[in-house]
Structures are given as structure tokens and as C-alpha cells.
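Student: I have a new structure to look at, and I would like to learn how to read its features. Could you take me through some of them?

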2 protein chains.
Amino acid sequence: MSVLVVGSVAYDGIEAPAGKVDRTLGGSATYISVASSYFTSPVRLVGTVGNDFDDRDTRFLKEKGVDLEGFKVDDSGRTFFWKGRYHENMNNRDTLDTQLNVFEHFDPVIPEVYKGSRIVCLGNIDPNLQLKVLDQVTEPRLTICDTMNLWIDITREALEETISKVDVLIINDQEAAELTGETNLVKSAKIIRKKGPKFLIIKKGEHGAHLYSDRFEFSVPAYPLASITDPTGAGDTFMGGFAGWLSRIDKIDEENLRRAVVYGTVMASFCVENFGTERLAKLSSYEIESRYDELRKLSAIPPRN
Amino acid sequence: MSVLVVGSVAYDGIEAPAGKVDRTLGGSATYISVASSYFTSPVRLVGTVGNDFDDRDTRFLKEKGVDLEGFKVDDSGRTFFWKGRYHENMNNRDTLDTQLNVFEHFDPVIPEVYKGSRIVCLGNIDPNLQLKVLDQVTEPRLTICDTMNLWIDITREALEETISKVDVLIINDQEAAELTGETNLVKSAKIIRKKGPKFLIIKKGEHGAHLYSDRFEFSVPAYPLASITDPTGAGDTFMGGFAGWLSRIDKIDEENLRRAVVYGTVMASFCVENFGTERLAKLSSYEIESRYDELRKLSAIPPRN
């Protein structure tokens, strides 16, 4: 099934205990697309960049099998730039600089040929824009949405509407708490699922992820890593692996949703091993499938005897 | 296989968001023994209490199949008393009162008939006392040890010796960090396992538990609960379920160690549902096995397809 990805394409400056980079390709749509590209082709990316966007990065996306018909180069300004610094424990970060640039006027126009996309990934952008995308797609089999604290704070109403319309909401534990005022995940998940989404995935960073639905729940540990270089984009990458897997199968059933959560977890584990998309850029199927199998072994509970 | 439990038997006063109790039966040996009692009988408890120890509590332990030959009533004083208050998030607590009473002079003497016990549980007590226990047992098949921050701080040397001598160390993530100065669990586990224990289990509260060993690793999520009444004793109860299961089987192999970690997790999930040993006191096999099966389903990763 075809995958449509709408979100930001950006340059990031990142400072972390392991080092720093001044300007690396980032943005939610980038991470989602690149992660998805390991499972399906083409991935249709709708986003906007400025006049400083590097040809090398365009080539990189194309080489990954990302279709750029919906990718707009806006010559009126520069590409969205974000700069942040991670603390020692990697769970907290400070934003040092945000320059929206051309992204400020991003208005996602879905090309005609993309409108029938079956899997729709709404990266972390203004929920009003996410709603505009939902209005344009004609026959999505599965709509998947991410968000962040900012939108919970400033565009709550539009966010609630988006959440009520999507099939899958993927957020982290802090966002779930902020969205519901409830830190217990069982309670918080119940409240969020009442808002609409058939499937809710709560990401817990180093503690893994948990999928909630009417018929079943699924918990997967994070892939154990001895060090994390840069957590930027891990959540987007999770969505990319999740959506990528589902686009490859015919039937979105419990087994495949479980597999999709594992592939999301696997892709996120690669993402954090280097800055930006460095590690994500060059993966082999063997590496991906090996981590899938390792996670499966790691969490295998034998039947009672 | 026979289970020997050495640790504290106490009265606890507990304040938590869900309510308070002034005086309830507690102590590491109590929780370990009661949890183990669902798997094996008798459980041999070595501990000491004072002249205020309630006959009702002695009867309760006996009814649970706990052998009290090593259980000493010291008429010279009162029973160890601890009082604490849990914060809203239940992850932090303040100690409001600690009265060691007769426990101050606790010197574990292992009765002759207990010395051949195959599974030895060293509850959270002074590591110098844990070492004394290890000196007295003659043919343990598996020695299991817990500890706490206090002992890491004040009796580091004895603790390191204990750790070097036991087969299984069970601690929580904060203790692992304090023991190694390393918050990354992969690194921290490596450092601790070099100190001696063949198996290391790091408990992560609501995030489950992780077993590390030479040949395999195993991660299990916590049993999802919508509310937690009282976390006191959850770690001891984990050890009780873990040891209890292993005492019931002939072969301590990978499958059974995985099962033991799941049973530890299951028993801990019951423990926190009410104050003290209230919930733990009256469980059916059906309740225990159901949660085992639920955890198995919750974390089942399908094979790749």
C-alpha cells in the first residue's frame, strides 16, 4: 500500500554529550520517509524547504526512493531550522533556536496522484494542517498521527478534532499525561482512546512502547543500547517503521500491528545511534531483521508448564 | 526445592495518596515468604520480632505454610517499625520514622534443618548479615540477594563481597545506578555482572524488569494497573515469586528463569494493589496464572513473515 508522509523537512543543529553537529537534515517528514523507505517504495513526501536546501539532501531522499512530487522548494526564504541541546540523561533538551522560515507558510497541498494513498502519516505539525491533509485524502486505509506538547498547549481544539478523526495516534508518555492530566498510563490511554483513535501507541523512550486498542494490548521493550548519541527524530522514525511495515502487508490485523510496533522500535533504535539521519541513512535488511529477532527473543515468555 | 528466606519482619505505617494504615505486617522476609508460599511449602523464614508481635500475624504466616523454626521472638523489645509516606507519583517516598528495636541485634542463626535449603533468599538486610547466612548454608542450588541504597552507602565493602558470592542479584534501576555510577542500564548491568552474579535482575517499577546473564537477556513489562495503592514490598514480593517458582521445578534453565521473572512480576502486581500484604494474603492460583497468561499475550512478538 502507498504511504503518504506530511510534515516538516528541516535542518537541525544538535548538541549532545556525545558531540555536536551544526546543520544536519532533519524534520518529522524526513525521518518518517527515510524509515518507511526500507519497507516500501515510493514513499510520497509532502513538505516544504527553502532556497538553502542542499542538492545533496534532495539526492539523498530520491536515492531512498522518496517521491518528491509534493515536495516544494520555496525560494522566498530559508529552510526551517531548529537547534537544541540534550542534557546528560538525554531525556530532557533545551531548544536553543527555532527559525520557522518558509515552514511558517507551509500549506500542505496533496498532489492529485497522492490523494488515494492508503497509509497516511501526519507528522508532528500544526493540527490545523493535519486536518487539511485529512480533508484532501480520498481513501485512506489507515491514518496515523503524531503531535507534541506545543500543539496540546496552543491548538488544543484542532488537535482534539484531529485525534477524533485518525485511526492511530502515536505520542510519548509525557504528551499522554499532558493531554489527559493523568500520569497513570492505563487511565491516560483509556481517556485518549475515548477521543476517537482505534489504536493508541504510547512511546516510553528507553522503556519501550505500548499499543492500546479495543481488542488487544501490546508492549514491547526498547532495543537495549549501551549509548545514545542523538534522540532527535526517534519518535518520527518509529512512525516511519510502523507505517512502512503496514504498507507492505495486505491485512492490517493484530499480528501485523504487533509487527509494525516492533519495526517502529527497531528503526528508532538505529536512529538514535548517530546524529540526524546518519545511521538511518545506511541500513541493511539484515540489520533490521536481526534487531526484530533480537527483540522477539528478548521478550519471549514461555508458556506455563 | 526448599526455600530459605532471611530478612526483616516488621510493622509498617504507610501514608499514600490512596489512604493510610498505622500498623500493618511488613518487612522483606514477610513479603518474600508470603509470595513464595503460593508456589512451594514449607517456606523457611529466619527473622526476629519483638514482644508486641501479634499472634494473628504468627497464625497468618503459619497458615501460609511458612515454617517458623528460625523465627525468633525477642522479648527484650518491640518489633522493627518503619513509617513512610509516598508522594503523588508513587515513585518517591519519605521515611517518617524508623525504629529498629529488636531488629538492631538481629543475628541470623540458621537452624540445622534449614542449612541444606536449595534456594536461599537474602532479603534486604545488612550485607554483613547476608554473608553470615551464606557461611551457614551448606548446599544452595541458587542464592538470591536484594539490597538497597543504604547498604551501598554505608557497607559498600561487605555488599561487594555478598554480590561476588551470590548467583542472582535483584535490585532496582536507581540502585544499579548508585552501585555503578552509570545510568545506562546496558552499561550498568555489565559492570555489576563483572562483580560476580551469574544473573542480574534490574527492576524498573512500572516499566517492568530486565534479566541479564551470559547466555541470554529477558525483558518483561510490568502488569498494567490503573492504580497503585501501596508500592511497599513490591521488590521483596518479586523475589518471592521468582524464588517460589524456581523452587517448584527441577531444572534451573533459561525457560524457567524467564518464567520465574514473570511470576515475580505477577506477584509484585498483586502486592501493590492494597496496603501491606492485604492483597497478597488471599490469592487464588487462577488469579496468578491468569496474570501470567495476560503478560505473555501482552508481550508476544509474532515471528517475522
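Student: Which residues in helix 6 of chain A meet which residues in helix 7 of chain A?

Tutor: Bear in mind that this is a predicted model. To read a helix contact, look for the residues on each side of it. From helix 6 of chain A come Asp173(A), Ala176(A), Ala177(A), Leu179(A) and Thr180(A). On the side of helix 7 of chain A, they meet Leu185(A), Ser188(A), Ile191(A) and Ile192(A). Sorted by class, the residues of this contact are six nonpolar, two polar and one charged.

Student: At what angle do helix 6 and helix 7 of chain A pack?

Tutor: The angle is about 65 degrees, and the axes are 9 Å apart. Helix 6 covers residues 173-180 of chain A, and helix 7 covers residues 185-194. There is also a hand to read: the crossing of these two helices of chain A is left-handed.

Student: Now a sheet, please. In what order do the four strands of the open sheet in chain A come?

Tutor: Read across the sheet, the order is 3-2-7-8 in chain A, with mixed pairing. Strand 3 (19-26) and strand 8 (93-99) of chain A are the edge strands, each pairing on one side only. From one strand to the next, the twist averages 15 degrees.

Student: Do strand 2 and strand 7 of chain A pair in the parallel or the antiparallel sense?

Tutor: In the parallel sense, over five bridges. Strand 2 spans residues 10-16 of chain A, and strand 7 spans residues 81-86.

Student: How are two copies of a chain related?

Tutor: In general, by a rotation about an axis and a shift along it. The same surface serves both copies, as 100% of the contact residues of chain B recur in chain A.

Student: How many residues of chain B are in contact with chain A?

Tutor: There are 29 residues of chain B in contact with 29 residues of chain A. On the chain B side, helix 7 (185-194), strand 14 (217-220), helix 9 (254-271) and helix 11 (285-298) each supply at least two residues. Helix 11 of chain B gives the largest share, five residues. By class, the side of chain B that touches chain A has 13 nonpolar, seven polar and nine charged residues.

Notes. Residues numbered from 1 in each chain as written. Chains lettered and ligands numbered in written order. Predicted model: local features only at pLDDT ≥ 70, side-chain atom pairs only at ≥ 80, totals over all residues. Contact = placed C-beta atoms within 7 Å. Nonpolar A, V, L, I, M, F, W, Y, C, P; charged D, E, K, R; others polar. Pairing = 2+ DSSP bridges. Axes fitted to C-alpha atoms, helices over the stretch in contact; angles between N-to-C directions. Left-handed = near helix turned anticlockwise from the far one by under 90°.
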